[in-house]
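Keep the coordinates open and try each one before reading on.

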Amino acid sequence: MVRLWQIGFLAGLFCLDQVYSNSAFAQEKVRLSHSALETSNGVWFIAQERGIYKQYGLDAELLFIPSTTTSLTSLLAGDVHVANVSGGAIASAALAGAPVVIVSCYLNSLPYELVVNESIRTAEELKGKSIGISRLGSASDVAARALLRGLNLEPDKQVPILQVGGSSERAAAFRAGRIAGFPSPPGIIHLTKGMPFRILISTADFKQRFEFPYICAATTKSYLARQRETVKKVIMAHIEAVHYVKTRKDESKKIMAKYARTNNEEYLEAAYSASARLYDVVPMVTRPGVEVQIREAITTARKPGAQLRFEDMVDESIVRELDKSGFIDKIYKR
């Protein structure tokens, strides 16, 4: 009788233990998307490759969606829960009435350089020649205009801006002579062989950091309200991934090489260095950068009387909570 009781008791404990074990290791499903295979987006795919999402209880499906429009459509349709979308895209969507919001920003500056034909040595020699971008309103468009103004040139009027396509399309147009130059993330030009070039100016040359909400995490206001803890876990995983990039150079470069599908050391070194330096430890969204994008969105939409505030498209409450709790400090004090 005693033995039967003991066996039953132990069996009950075992079952209870299994319940708690399964609960402890249960992974919450979430669909995420990132917009580029460049190193600046590394926070997303490094979190996936290193199992950091799982570490924070997330069974993350990470999708590569290079189109901003498709990313926003997927987000609004609920096909994606948290997406990498730049502040400019969110400002335009919010101005149009889309209930989207930025919850964190890991890179608040545009790490871009202006690649031009080797024969162009001065800003004056660039006048009248075309610069290629992916599309109007994109990060490359913003970067092109900022870089040209940094050379005291007037975009469109003195230097025409053409919509060409992504990095590979811009490189092809450059090689064919259709454009005289193009804005590019650091190191990309090293992936194109046999193309004489010159870096005429870089955002790193600016006296002050060019504020732009570039690599951000965005979601819908309804999803944030319903699944705030899930969004919090995503942000925690990304903060951990930023720390990994900043402290594990060789390992980070290997993952970046996998996603960029290249082992070109010049590219990887330049791209890694820019990302590691510019990633913010505390991923707040810089107000000046967002306000510039709000003004640009209103101008582009030709709605001079339109109203859109920083608070309408940004919710930093989770990042503030994590910072105040000491979560970020603990990660960097390991």
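This is a predicted model: local features need pLDDT of at least 70, side-chain atom pairs count only at pLDDT 80 or more; totals for chains, interfaces and linings use all residues.

**Exercise 1.** Find the accessible surface of the protein chain and the share that belongs to carbon and sulfur atoms.

*Solution.* Run the Shrake-Rupley method with a 1.4 Å probe; for residues, only the protein chains shown count as cover. The accessible surface comes to about 16,300 Å², and carbon and sulfur atoms hold 52% of that area.

Residues are numbered from 1 along each chain as its sequence is written, and side-chain values use heavy atoms, with hydrogens and water left out.

**Exercise 2.** Count the salt bridges (a side-chain nitrogen of Lys or Arg within 4 Å of a carboxyl oxygen of Asp or Glu), then examine the pair Lys258 and Glu49.

*Solution.* The count comes to 18 salt bridges. In one of them, Lys258 and Glu49 meet at 3.0 Å, N to O. Lys258 lies in helix H10 (residues 249-260) and Glu49 in helix H2 (residues 42-49), so this pair ties together parts 209 residues apart in sequence. Helices here are DSSP runs (H or I, at least four residues), numbered from the N terminus.

**Exercise 3.** Are Glu316 and Arg320 buried or partly exposed?

*Solution.* Buried means under 20% relative accessible area, exposed over 50%, and partly exposed in between (1.4 Å probe, protein chains only). Glu316 has 9%, so Glu316 is buried; Arg320, at 49%, is partly exposed. The two form a salt bridge, with their closest N and O atoms 3.3 Å apart.

Definitions and conventions: Helices (H or I, at least four residues) and strands (E, at least two) are DSSP runs, numbered from the N terminus.
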